[in-house]
2 protein chains.
Amino acid sequence: MGVWLVNELRMYDAVVVGAGILGLATAYHMKRLRPEDNIVVLERLAGPGMGNTSKSAGMFRSFFYSKTNLTLADTSIEFYRHVHEELKHDLGIKWTGYLWLYDEETYRRAEPVLKDMASRGVKYTDFTGEEVAQRMGQRRELSGDVEAKVMGLANVDYGVLVPKAGAIDVDALAKFYANSFVGMGGEIRYKTAVKRLVLEPRTSMGLPGEPYFWQEGRVVGVETEDGRVIRARKTVVAAGVWSIRLLDQVGVDGHFKPKKRQLFSVRAETEELRRLLYTKDLNPEGCMPFLILPRPRVYIKPVLEENAFWLSYADEFGRPFQLEDEPKAEENYYRYGIYPIVTKYLPQFEGRMPYASWAGLYAINTLDGQPVIFEENNLLVVGGASGSGIMKADAIGRIAASLYVGEEQAELYGGVRFRVSDLGMEKRRVEPEKLVI
Amino acid sequence: MGVWLVNELRMYDAVVVGAGILGLATAYHMKRLRPEDNIVVLERLAGPGMGNTSKSAGMFRSFFYSKTNLTLADTSIEFYRHVHEELKHDLGIKWTGYLWLYDEETYRRAEPVLKDMASRGVKYTDFTGEEVAQRMGQRRELSGDVEAKVMGLANVDYGVLVPKAGAIDVDALAKFYANSFVGMGGEIRYKTAVKRLVLEPRTSMGLPGEPYFWQEGRVVGVETEDGRVIRARKTVVAAGVWSIRLLDQVGVDGHFKPKKRQLFSVRAETEELRRLLYTKDLNPEGCMPFLILPRPRVYIKPVLEENAFWLSYADEFGRPFQLEDEPKAEENYYRYGIYPIVTKYLPQFEGRMPYASWAGLYAINTLDGQPVIFEENNLLVVGGASGSGIMKADAIGRIAASLYVGEEQAELYGGVRFRVSDLGMEKRRVEPEKLVI
């Protein structure tokens, strides 16, 4: 299926902008629901999931208070498990679990929410601070430490270990969707950057600068950077933060903003760090769980295949909303931000600097942190996953595909039904997340 | 009060960014509530209200279904009336009224909402299409017109004339607030562009790139384009669409986007147009009311002092969200957008081209079209007036000032109380506008 000029005359049923995880999951489910439709995915990079998808920490958890969050994540995780275990398509899933550390005060505030979740069948195990400290060689009592006080650090009084959580190979997941989509007859054009959405009036009058406001303009496809127009009945914009540029051009607000997130990889070069990395008995992988410190919520991912830890922190106030082509990790962010905190809790990291670091852009929904899926004038917007794009991608793709085929309810993996308009803007109905983590 | 370098060492109580209508009304009411506070307004242009404020059509109406809309507009209008009539400060108020034209179908849909408003004491007068057509020399029956049909135009079956509505001299209003603010001892620095908000940690550690996320960063003032730092206990960003740049830099979303709006001024050069401009008996000014056509809602403002009409249309889908220094009116927008519509309804405009045109940027709140007023880390955001900034400025200024002094309730003009958090983002509570106009 080569890219011929003659294709330009072809009318697709749908063009999907972006072969990141959201674009691919959406295209895959669209094709699954409408095998007869001609669907093309356009991607500016050379392969699937090579943009901000590839920068992800690649963690997932089925542990939320909000029904919206829980449903989107849990059904997606179950689908990934199905692909990995039953379809034997290796997605590199590791059930490391998540271990949240709490000080007394924060735990007491979280407790009613946790109990409520437990009563609904969400599983977790409580640990005392002593148990955690002993298993992981951690300091739990920081109140006597002047520096820790200045930094506002909290004691480790409790640990909450969540088993249905872990790591996934993001690259494998993106390729799974891409290959399955192509396998069903879908088309992906890489190295094809989209410049703009093409608007046309319902009935052209041949006026310069059409469509005018009385002409019922709608989106009829996209123009690529090299000047081709690819026409389609429906245009799906699922390009993560890059969607914002395309949407701004036509005056549509996706309600998400770009925010840089950084990861720093530190090798387990010492005996102490290796012992930490291979902490026993907390998960089936025989490694340290994904660990979230009490305050500030710096997190540490065990990466066995790299013999390393990935460290990060999601900073809010002061971190700009900024669209950058090549966001860079900042050495000082590790040195003065993450390092002094981590070493207070985990002295094993003393003197350890990252051997690699990178940064990506989250598409943050600044309203409620949930994905946004809606249609307007033949334009479908799929985005705003707010850093949970990997763990919710399958559900998001199914809901977007249901919108595409005009269904009011999407069927998520496992037969769970989800009202499509709940993630739209007009009748948006998402449950707030009460679990402060 | 010269701009000395020594001022840089001075700590203001508040710095207000923007001497447009929102910044000025806010600064005025802040000073009114806290006469002892040192408050400085910074403005990149040479005088008050010279940015997008000056591009406004300058119309107001106390005619909304939404209680939020009605309260903000009505109390502001009452204050303007008070200034104009009782304080004898000429604000150029002209009670032209608003005349909405409706076709049968749209009127029937609006009728229950109108009746509901009437029962709450909101005044208007109904006209038949014939009456309107006869008084204004209008065509009311377009259904036989092929071109009108292509353009989707509707008949004039009804008119709704709203008396508590009209025009205000925006420049006079901005100057009133500026002068009153300065008269109370407030300071305004013109030609002083703000480059960025200055963030500092609560306790500085002297680290490069402070504040880090564990340092409780907050806004301590602004840096101007010429590199001065002006420090203040509170920083108020009320710079219309320009606020977005400052807020993006610190990762705060004001939830508004810039959208161009254009005005075209056509002289009443012919006898027919003069007759239309001086339409009798519909308002105390003896002129045509501000006229809103049935569909699309092109509007026409009578401007007696210019012997002219201002024409416009607020286009939505397809009009980009774009921040421009010098937005331009587009000749074709008049020629192919407004002109063919207006001339169908009002043949008096046949052959008439604008002698002047200009464009400004609305700060559109894409959630609910209402203003946004909130505080975060000593930063106050006042914006998103969505094209109603002039008619709601006084109420917005009072609510923002109440937030500044820490009151939960603002007292609007006439003693009306308004919960400050209703326009914030966390506990936002605005009543949707049901009157489709």
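## Ground rules

This is a predicted model, where local features need pLDDT of at least 70, side-chain atom pairs count only at pLDDT 80 or more, and totals for chains, interfaces and linings use all residues. Residues are numbered from 1 along each chain as its sequence is written, chains are lettered from A and ligands numbered from 1 in the order in which they are written, and side-chain values use heavy atoms, with hydrogens and water left out.

## Two copies, one axis

Start with how the chains relate. Chain A can be laid on chain B with an RMSD of 0.0 Å, by a turn of 180° and a shift of 0.0 Å along the axis. That is the relation of a two-fold axis.

Which residue of chain A comes closest to the rotation axis? That would be His255(A), whose C-alpha sits at 3.9 Å. As for the interface, 100% of the interface residues of chain A are also interface residues in chain B, so the copies meet through the same surface.

Now for some backbone geometry. The peptide bond from Arg295(A) to Pro296(A) is cis, with omega near -15°. In chain B, the bond from Arg295(B) to Pro296(B) is cis too, with omega near -10°. Pro296(A) lies in the loop between β13 (290-292) and β14 (299-303) of chain A, and Pro296(B) is in the loop between β13 (290-292) and β14 (299-303) of chain B. The strand and helix labels are DSSP runs numbered from the N terminus: helices are H or I with at least four residues, strands are E with at least two.

There are positive phi angles to look at as well. Asn307(A) is not a glycine, yet it has a positive phi of about 50°; it sits in the loop between β14 and β15 (308-312) of chain A. Glu216(B), also not a glycine, has a positive phi of about 55° and belongs to the loop between β9 (194-200) and β10 (218-224) of chain B.

## A sheet in chain A

Chain A has an open sheet of 8 strands with mixed pairing, in the order β5-β6-β4-β13-β14-β15-β12-β16. Its edge strands are β5 (125-128) and β16 (356-365), each pairing on one side only. On average, neighbouring strands are turned by 25° against each other, direction ignored. Two strands count as paired if DSSP finds at least two bridges between them. Strands of a sheet pair through backbone hydrogen bonds, either parallel or antiparallel.

Take β14(A) as a way in. β13(A) and β14(A) pair in the antiparallel sense over 2 bridges and form a hairpin with 6 residues between them. Here Ile292(A) stands opposite Tyr299(A). On to the next neighbour: 5 bridges join β14(A) to β15(A), again antiparallel, and Tyr299(A) stands opposite Ser312(A). These strands form a hairpin with 4 residues between them, and Asn307(A) is in the turn. β14(A) itself is mostly covered, with 5 of its 5 residues buried. Tyr299(A), Lys301(A) and Val303(A) point one way, while Ile300(A) and Pro302(A) point the other. Elsewhere in the sheet, β12 (residues 256-267) is joined to β16(A) by 10 bridges, running antiparallel, with Phe264(A) opposite Ser357(A).

## Nonpolar cores

The largest nonpolar core has 83 residues, and those with the most contacts inside it include Phe63(B), Tyr80(B) and Ile399(B). A nonpolar core here is a set of buried Ala, Val, Leu, Ile, Met, Phe, Trp, Tyr and Cys residues joined through side-chain atoms within 4.5 Å. Helix α10 (residues 389-405) of chain B gives the largest share, 11 residues. Domain 1 (5-56 + 171-255 + 368-423) and domain 2 (98-162 + 258-357) of chain B both contribute residues, so the core lies between them; the domain bounds come from an automatic or database domain assignment.

Not counting residues up to four places away in sequence, Ile399(B) touches several residues, including Leu72(B), Ile373(B) and Phe418(B) (contact means heavy atoms within 4.5 Å). A second, separate core has 82 residues, among them Ala14(A), Val122(A), Phe418(A) and Val420(A).

Definitions and conventions
Least-squares fit on C-alpha atoms with pLDDT ≥ 70 in both. Buried < 20%, exposed > 50% of the residue type's maximum accessible area, 1.4 Å probe, protein only. Axes fitted to C-alpha atoms, helices over the stretch in contact; angles between N-to-C directions.
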